[in-house]
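Open the model in your viewer and have the selection tool ready. The stops below go from the ligand to the sheet and then to the helices.

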Amino acid sequence: MTKLSIRTVEPDDLVACHTIECRCFSPSEAAWTSSLEKRINCYPEGFLVAEYDGIIVGQVNSGALHKDDITDEEFKQLIGHDPEGKNIVIFSLSVLPEFQKQGIAGKLLTNFIEHAREMGKDKIMLLCKDKLITYYSRYGFEDDGVSNSTHGGAEWHAMTLAL
Ligand SMILES: CC(C)(COP(=O)(O)OP(=O)(O)OC[C@H]1O[C@@H](n2cnc3c(N)ncnc32)[C@H](O)[C@@H]1OP(=O)(O)O)[C@@H](O)C(=O)NCCC(=O)NCCS
């Protein structure tokens with residue numbers, strides 16, 4: 001994977017990021033193009049992409065806020081987002097299926113954690129399905145239990161990494 005680089009998103013990455021989103025999540029869970037566009041335009045410093053040989057193969061995007069309740073659906077469109085917020089919230093970590101199981105999400109996550117630390121954030125928070133609790137635990141996230149979110153009709157665990 002010598003040709004892999006992790007970098008901050010650019011406006012031209014929108015279509016590639018939306019394609020990844022649609023291939024990795026169900027239609028009810030995938031972020032809308034408008035939400036991704038807003039995340040790219042309003043908070044590029046919280047949005048990293050993995051590029052392999054000129055192709056965007058993975059992404060991690062986020063918003064920031066001061067409060068600890070991250071289940072508000074509108075927040076996904078960055079309503080309530082404040083770049084100065086002490087908490088940074090991962091909305092989506094996703095890698096194209098044909099590039100999975102090669103450590104790309106791991107690289108995105110470790111870069112994101114380091115970057116969040118440099119930005120002076122207190123915590124990284126996220127919501128995930130129970131099958132990914134073990135995965136995020138490896139990076140230091142702790143399970144806060146089932147959240148109030150019913151996004152896409154599923155059950156979501158809240159996880160937190162104190163920085
Ligand atoms: C979850 C997701 C982002 C992981 O992406 P990934 O790039 O495959 O992640 P990694 O390669 O870092 O790790 C995945 C697994 O591959 C293993 N792995 C990492 N490098 C490897 C390598 N070189 N060879 C073999 N296996 C490897 C990891 O140990 C991990 O094992 P696990 O299945 O026991 O957890 C990806 O599966 C995805 O996009 N899923 C759909 C969207 C989603 O659910 N996102 C999370 C919620 S926001």
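A residue counts as near a molecule if its C-beta atom, placed from the backbone, lies within 6 Å of it. The model is predicted: local features need pLDDT of at least 70 and side-chain atom pairs count only at pLDDT 80 or more, while totals for chains, interfaces and linings use all residues. Residues are numbered from 1 along each chain as its sequence is written.

Select the ligand. Of the 16 residues around it, Val95, Gln100, Gly103, Ala105 and Gly106 come nearest. The largest share, four residues, comes from β4.

Next, show the strands. Seven of them form an open sheet of mixed pairing, in the order β1-β2-β3-β4-β5-β7-β6; two strands pair if DSSP finds at least two bridges between them.

Zoom in on β1. Five bridges join β1 to β2 (residues 48-52), and the two run antiparallel. Arginine 7 stands opposite valine 49 in β2.

Finally, select α2 (residues 33-42). Which of its residues are buried? They are Leu36, Arg39 and Ile40, where buried means 20 or more other C-beta atoms within 10 Å of the residue's own, with C-beta atoms placed from the backbone. These residues lie on the same side of α2 because they cover an arc of only 95 degrees around the axis, taken from the directions from the helix axis to the C-beta atoms.

Definitions and conventions
A residue is buried if 20 or more other C-beta atoms lie within 10 Å of its own, exposed if 12 or fewer, and partly exposed in between; C-beta atoms are placed from the backbone.
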